[in-house]
Structure formats: structure tokens, C-alpha cells
Amino acid sequence: MRKLLFIIVCVVWVFTAIRCNRENRHIAPTDLRTEYLYDPAGIGTPAPRLTWSYENDGEEPAVISRYEIKLGAEPGKLETYKEGTPLQPHTGYYWVVTGWDEKGTKTLTSDTAYFETAKFSAADWSAGWITDSHDKEYEPAPLFRKKVTINKEVEKARLYIAAAGYYEAFINGSRVGVNYLDPGYTHFDKRILYVTHDVTYSLKPGENIIATVLGNGWYNEQSVATWNFHEARWRNRPRMMCELRVTYTDGTVDTFGTDESWKTSTGPYLYNNLYSGDIYDARLDKGWKTPECDESGWQPATLTQAPAPLITAQPAPGISVTGYYSPDSVKKFSDKLYVFSFPENIAGLCRLDIKGAAGTKITLKYGELLKENGRLEQGNIDVYYHPVKPYEKFQTDIYYLSGDEAGETFMPSFTYHGFQHVEVEASEPVELNEESLTACFIHTDLNPAGSFSCSNELMNKIWDATMLAYRSNIHSIPTDCPQREKNGWTADAHVAADLGLLGFDGITFYEKWMNDFIDNQLEGGGISGIIPSSGWGYGEWPGPVWDAALFIIPNALYNYYGDTQCIEKIYPVMERYLAYLQAKEKDGGYLPFGLGDWVYWKAVTNYEYTSTAYYYLDYTLMARFAGLTGKDPAPYEQKAARLKELVNAKFFDAAANTYAEGTQTAQALALYLGIVPEGREEAVAAKLKEVVEAGDHFLDFGLLGSKTVPAMLTRYGYVEDAMKMVLKTDAPSWGYWVETMGYATLAETWTLSPQFHDASLNHVFMGDVSAWMMNRIAGINYDESKPGFRNVLITPHFVKELSWAKGAYRSVNGYVYSHWTREEGQVTLKVSIPANCTADIIVNGVKQSVGSGLHTFTYKD
């Protein structure tokens with residue numbers, strides 16, 4: 001008997017051992033990222049977030065029950081790592097992930113990923129802040145140089161740079177990095193960002209030269225514009241802190257930091273301004289960034305105080321050139337005047353390749369439109385710029401030729417423009433052609449995440465124009481336009497958040513911006529309508545609809561990524577803001593102030609209604625956030641319920657089923673925010689359809705209606721009415737912009753006035769129709785109950801105007817795909833769901849739940 005028991009135990013042990021060591025070779029962790037970045041060298045937190053998804057090439061759905069991270073400073077010495085364990089600064093780490101499925105079967109181990117930590121606190125810096133002796137009104141940009149000697153073999157070298165203003169850095173004459181306009185825009189008296197560069201291969205044995213030039217950026221606005229940046233409390237002469245950290249193969253480390261031993265001067269950078277442009281005199285270059293430069297006239301740098309208490313790592317990708325455009329046409333008016341036209345309206349700069357006599361003045365003037373005579377028209381975008389200096393011109397760069405017989409190249413360093421056309425004027429005759437000017441598309445370099453296309457080319461054009469406008473308006477903050485303002489208008493951003501997060505991997509970009517909200521808040525709780533702000537835009541205008549970005553953006557990041565870090569970080573800011581609004585309530589909770597359905601067509605929606613409705617949304621989201629962070633949601637739920645009652649008591653006509661003035665926006669907003677009393681939703685939606693039909697399906701709304709009207713028509717069964725709106729090509733409509741007018745991007749206003757006043761042609765804020773295409777036509781949606789696309793809601797609409805539509809989205813948990821085609825009386829839907837995720841397929845109100853993998857469904861047309 002004992003022998004039999006021994007045999008049974010041995011068999012069980014062997015079976016268990018085999019099972020525990022068995023690998024499912026169809027499943028592997030993939031897409032490993034640190035702080036949502038691929039192999040980053042510059043992580044500024046000691047406990048970074050590690051994320052990944054799973055790939056499954058097998059037929060069975062993959063469900064992962066647990067995982068293990070192994071991490072270490074050497075690739076061959078990885079140990080089990082508990083997330084949240086603090087790491088060391090200035091250290092490279094390798095890591096892998098292994099998972100186990102629900103049966104206890106081990107997955108393949110991932111490929112090895114890498115990241116490198118940088119500086120966590122002030123104690124990690126061995127450099128000081130330096131500037132020169134000039135004041136903030138002095139225009140030529142400060143130059144700095146430092147000679148460093150390398151006497152041993154270099155294993156790795158990192159250059160860390162924090163700046164108030166922008167910087168460009170060079171080692172031995174070669175530009176460092178690919179970014180432009182670094183570091184990102186912040187409230188400079190609260191927070192400064194630093195950037196890490198790998199310069200291992202830039203150094204040579206012996207003497208090396210580090211050289212930098214500092215631009216004004218948003219730190220030192222030297223011209224007058226509407227938003228009073230020239231009066232910013234932080235304004236000062238640009239300054240920087242720079243440290244070269246060299247690790248040698250023998251394990252020793254040298255650091256070379258900014259101090260009084262650095263030399264400073266000025267040179268060819270005569271003037272720079274974000275609204276006007278750069279003025280550069282190549283005759284004054286004198287090889288300032290090369291080892292051969294004569295430093296005899298240079299002065300010691302001036303040590304100064306840090307501009308802000310927080311010096312933190314730049315958390316998002318930098319601004320860089322993501323595309324180059326050759327001109328479609330070049331019109332020569334004379335040998336001193338040319339106009340270049342490019343295929344698309346973009347944000348960025350031009351690279352000029354030219355030959356000419358020394359001292360020849362070249363003026364590059366940028367704009368979106370041409371006059372009837374073919375010359376440049378800036379009348380639609382120069383309205384808010386008020387230069388007081390005679391040489392300041394809106395969106396204009398000036399270059400003085402050195403006279404180099406081999407030719408010379410100019411590209412501005414400290415500005416960017418919004419443009420499709422460039423007028424080039426020379427003080428002396430020059431010969432220019434199609435190869436002389438290249439347009440460079442410059443923006444925060446977010447990875448693409450989603451795509452949509454269908455059988456209707458108008459809809460494809462709208463999608464493409466939306467994504468182009470979005471990229472044109474991400475420059476370390478989400479902006480309204482890339483030319484006239486360049487401001488971080490809060491409502492523009494929150495209305496465009498869905499289209500942005502469906503199109504691009506934007507979590508680090510928006511988290512950076514939410515840090516700006518923290519720094520923006522006043523002691524009394526208020527925030528401004530543009531963020532960052534030097535003081536403009538606080539108070540009751542723009543107001544609660546704009547301020548709702550404080551709640552909407554963190555909520556969106558949670559829905560798309562399943563990450564609560566932003567919510568946790570900004571929670572106290574939300575609490576103070578709600579207390580601030582509570583003090584402004586009228587008659588128990590109404591907010592009779594603020595902007596509403598901005599840039600409407602004809603129908604005006606009551607702003608007290610929209611402000612109070614978004615106040616209700618604030619409390620609804622705050623209740624959710626309280627629950628997610630372990631706090632009591634009840635007080636916020638009770639307040640939200642009271643505000644809902646107030647809105648319905650004052651603005652809902654139960655007999656007519658209308659809200660406020662009964663506009664398209666008013667009807668849709670009540671449905672979108674969940675304000676409509678239970679049981680009355682269908683009636684309010686039917687009234688929305690009636691109002692839309694009465695307007696012949698034209699878009700009689702502005703910012704808020706563009707977000708809510710198509711979505712609510714579709715939700716309540718009127719997708720064909722939404723399609724009629726989307727396919728319009730007369731004004732007001734999206735089709736009018738991209739088809740009738742031929743715009744490559746979305747505009748600010750439904751039509752352009754004859755006076756060209758205040759109307760950018762590169763605004764993204766009314767582009768949520770593209771999110772509607774992905775959500776409602778292709779049918780790809782997150783599930784709020786399982787955020788991060790752990791459960792995907794596939795809700796396509798097989799509208800009769802289309803024969804096919806498809807959408808693809810790389811979520812934080814893997815690749816989602818939905819493609820439907822119509823043929824011979826039936827519709828075929830193919831979907832792909834990531835490993836370790838599930839999906840609900842909802843068509844015509846019928847739900848089917850599936851696991852990960854490829855799935856095909858057919859429906860009678």
C-alpha cells in the first residue's frame with residue numbers, strides 16, 4: 001500500500017512539474033514600454049510604470065492570470081522585480097515579462113526592453129544655472145561654450161539640459177538630438193523641464209566643445225500680443241542648467257556642469273519670437289559652436305538662481321520634424337520676389353537653400369491664403385499680434401546671407417509657423433526654384449495609434465484633415481492654432497481629446513499638460529481658459545465649460561489607458577476648483593456665466609444652461625474619481641443629482657421635450673451628459689432629429705454641438721440623419737471645408753468672412769466627427785467598466801451610403817481591428833481582439849460576447 005501511494009505521489013509530482021514548466025508558445029508579452037515610451041533614456045521617476053500587451057498566434061483565446069517582471073542593470077542578471085520598488089538615478093535597466101494563462105501554462109518570455117533613469121531631484125545635479133549679463137529686453141540670443149577634455153575610453157555619455165526658454169546644443173559643431181523647441185512649455189516660475197540626450201558618439205578623445213544657444217520661447221516674450229505674455233511674472237533673460245555626465249569603461253564617472261567657467265557671448269541670432277520669427281545674420285556666425293572659435297572676446301557666464309522650484313524630466317516625446325514637403329508650385333514675380341505653395345497646411349518651418357551676395361536680406365513670410373494676384377494673404381491670422389518694433393512682422397523669418405560661394409542653408413531655431421504658402425523676398429536678385437525651399441512639418445512626435453477609412457472619399461478627407469489639424473496643434477501642449485495664437489485653450493482640447501487619443505498614443509502628452517493645470521491654479525481655486533497662462537484668462541470668462549478639461553482629460557486617459565495616475569495627482573486641484581465654483585453659484589447651483597457653444601452658426605444656446613450642465617458633469621466625474629481612488633463618492637453623487645434637478649427644472653420643457661432654446665446643441669448636450677430624466681430620452685432624441693431635419697441637416701451648432709449632435713443621433717437610432725449631416729458639402733459643414741473649399745485641415749469657422757478676420761484654417765476643435773467615424777461607423781470603443789480596452793465594444797453601423805468601412809486602433813492592451821463589407825445582400829464583419837482581452841459585438845441592438853482573436857460575423861443587409 002505504501003509503495004502504491006509512493007508511486008501515485010511521484011506521478012502527480014512529475015505531472016505537476018511538467019505542467020508548471022510547460023510553455024504556451026503561441027502567447028508572448030510584447031510592446032514593452034516604460035512610462036509609455038519605448039526604450040527611453042531620461043526617466044525622471046524612481047518607480048516608473050511598466051506596460052505591455054500580449055500577442056497570441058494560436059486559435060484559442062488567451063487569458064493571462066498572472067505575470068512576472070524581471071529587471072536588472074545587466075541583461076544577463078535580471079531578478080524578479082516588484083512594481084513600485086524605487087530605482088537608482090543615472091542607471092540603465094533591462095527588463096522582461098513572462099505570463100501564465102488561466103490554466104497555469106507559462107507564456108513565452110518577452111524580448112528584452114531597456115530604459116535609463118536620469119535625475120530624480122536637485123541632489124542629482126552637479127550643475128548650476130547660468131545666464132549672461134544682459135537684461136530681458138536685450139534681443140540677441142545668448143551663446144555659451146565649454147571645453148571639456150576626455151582622457152579615457154567612454155562607455156556612455158549623457159547630456160542633461162534644463163532651460164528657461166528654448167535651447168539648441170552642439171558638441172564639436174554637430175547639433176545634439178532631433179528635437180526642436182526644447183524643453184516644453186510650462187509655467188516657468190513653477191516647473192522647468194529637462195531633456196536627456198545620448199551623446200556617447202559625439203565625443204572624441206582629447207578636447208571637446210559643448211556649445212549652446214538659448215531662445216526666448218514663452219519664457220521671454222519680447223513683443224506685444226493679446227494674452228499679455230510680455231507682462232509674464234516669470235519673464236527674464238533666458239537661462240539654462242546643463243550637465244555632461246561621462247561614464248568610462250573603467251567604471252569611473254566625470255561630470256561637467258554649467259558654472260562661471262563657461263564662456264558667453266552673442267552672435268548671429270539677432271532676434272527670436274514665437275509670433276513673428278527668427279532674425280539671423282550668417283555673417284556673425286564666426287564658427288561659434290566649433291572647436292576653432294576664437295573665445296578671446298567671450299565673457300564668463302553668470303551664475304543665477306533656478307527659475308522654478310521643480311526641475312523635472314520632460315515626460316512626453318519632443319517636438320521634431322515628422323515630414324518634409326516640396327512645393328507644388330513656385331511663382332516668380334521678379335528675381336527678388338517668389339511665392340512657394342505647398343500641398344498641405346501645416347505647422348512648422350521652412351529650410352532655405354540659397355546662394356547670394358554677402359549681406360543680402362532674405363525675408364520669408366508665412367500664411368495660409370493667397371490674394372487674387374498670387375501674393376501672400378495673412379489677414380485671417382494676424383489679428384492679435386501688435387508689434388511695436390518696426391522690424392517685427394507676423395510669421396516672418398529674416399536671414400542675412402554670409403555670401404558662402406558653396407551655398408548656405410537656413411532653418412529657424414526658436415519659432416514655428418502655420419502655413420501653406422511662403423513669400424520669399426530678397427534685397428538683391430537671387431535665383432530660386434522648387435529645390436530652394438522645403439517645408440518641415442514640426443510637432444510633438446506622438447506615435448500614431450488609430451486609422452479609419454471607408455468607401456466614401458469625403459469621409460476619408462474629413463478624417464485626414466482632422467488628423468493633420470491635430471498634429472498641427474500639438475507643441476508640448478494642445479493648441480488652438482499654429483499661427484495666430486498657439487494657446488492651450490482648454491475647451492478646444494477636451495472636445496478634441498477623443499479624436500486625439502483614437503488617432504495617437506497621447507497619454508504622456510496629456511499628463512504633461514495636466515501638470516500645467518496643477519501649476520496654473522490660483523490659491524482661490526480658479527484656473528484660466530488658456531493653460532499655461534501668465535495671468536490672462538482667469539475668472540468667469542471663458543468659464544465652466546472650458547474649465548471642464550480639468551475633469552474630462554483625466555477621465556479620458558483612464559478610459560483609454562486604464563491608468564489612474566493622472567486622476568490621483570490632480571485630485572486636490574479638482575477639489576479646490578469645485579469649492580471655487582460653489583462660491584459662485586446662483587439660486588442653489590446655477591452658473592450664469594461663461595462661454596458655451598463657441599463659433600456657432602446661427603442657433604444660440606443658452607450659456608447658463610451649458611455652464612450648469614458642465615458643472616453637473618464635473619461632479620459626476622468627481623464621484624467616479626473618488627471611487628477609483630478609495631474615497632467616498634457619495635457627496636459628489638448627491639451634488640450631481642441636485643444639479644441635474646436644477647437643470648431640468650429651469651431648462652427642460654417637458655411638454656415640448658426641448659432643452660433651453662431647443663437648438664441642436666441643447667438637445668444633444670442633455671442626452672450626451674445624461675441630464676434627461678429617465679424615460680424621456682427617446683422623446684428628447686426624437687426632438688433632436690426633428691430639429692436637425694428642419695434645418696435640412698445642416699450643422700447649426702458650434703464647438704459643443706460638433707461633439708454631441710452626430711453621436712446622440714446615432715445612439716438613439718438616427719444614424720442616417722447623422723450621415724446626412726456628415727456628407728453635406730455646402731456651408732455649414734465639414735464637407736464644405738475639405739471638398740468645396742479644398743482645405744487640407746479643419747477651419748475655425750464654418751465660413752471665412754470677406755474681411756478674413758479671426759479665422760484660422762488649421763483648427764481641430766470641431767473635428768470630433770472623426771471620433772464618431774471610428775466609434776460608430778467602424779465601431780471601435782472602449783468599455784468604461786473595463787478601461788484600457790480590456791473589453792472592447794464593437795458597435796458598427798452598416799449605413800447604406802457605404803459599401804465598406806474599417807478602423808484599426810493600437811490600444812495599450814493590443815491591436816483592435818474592425819472591418820465590414822457589404823456584398824450581395826449581406827454584410828460581413830471581421831474583428832480582431834487583443835490577447836487577454838474580450839469584446840462585446842453589438843449590432844442592431846443584439847450583443848455577442850467573444851474572447852481574443854479573429855472573429856467573423858455575417859448579417860442580412
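Strand β13 (residues 166–171) is joined to β14 by two bridges, and the two strands run antiparallel; strands are DSSP runs of E with at least two residues, helices are runs of H or I with at least four, and both are numbered from the N terminus. Within this pair, phenylalanine 170 stands opposite arginine 175 of β14. The model is predicted, so that local features require pLDDT of at least 70 and side-chain atom pairs count only at pLDDT 80 or more, whereas totals for chains, interfaces and linings use all residues. Residues are numbered from 1 along each chain as its sequence is written, and side-chain values use heavy atoms, with hydrogens and water left out.

The β13–β14 pair belongs to an open sheet of six strands, in the order β14-β13-β17-β11-β20-β23, with antiparallel pairing. Strands β14 (174–175) and β23 (299–300) stand at the edges with a single partner strand each, so one side of each has no neighbour in the sheet. Two strands are taken to pair if DSSP finds at least two bridges between them.

Another strand, β27 (residues 329–334), contains phenylalanine 333. This residue counts as partly exposed because its relative accessibility is 32%; buried denotes under 20% relative accessible area, exposed over 50%, and partly exposed the range in between (1.4 Å probe, protein chains only). Beyond its neighbours within four places in sequence, phenylalanine 333 is in contact with Val339, Asn373, Gly374 and Arg375, contact meaning heavy atoms within 4.5 Å. Phenylalanine 333 and arginine 375 are separated by 42 residues in sequence and by 9.0 Å, C-alpha to C-alpha, in space.

Helix α8 (residues 565–582) comprises 18 residues and reaches 26 Å from its first C-alpha to its last, close to the expected 26 Å, which is 1.5 Å times one less than the number of residues. A kink of about 50 degrees lies at tyrosine 571, shortly before proline 572; the bend is the angle between axes fitted to the seven residues ending at a position and the seven starting there. Tyr571 is also one of the buried residues of α8, which include Ile570 and Val573. The cover over the buried residues of α8 includes α5 (507–520), α7 (549–561) and α9 (607–628).

Asparagine 762 lies in the loop between α15 (734–740) and α16 (769–778), and counts as buried because its relative accessibility is 0%. Its side chain makes a polar contact of 3.2 Å with that of serine 472. Such a contact is a pair of N or O atoms within 3.5 Å; within protein, one must be able to donate a hydrogen and the other to accept it, and residues adjacent in sequence count only if both atoms are side-chain atoms. Leaving aside neighbours within four places in sequence, the residues in contact with asparagine 762 include Asn345, Glu368, Asp480 and Thr745.
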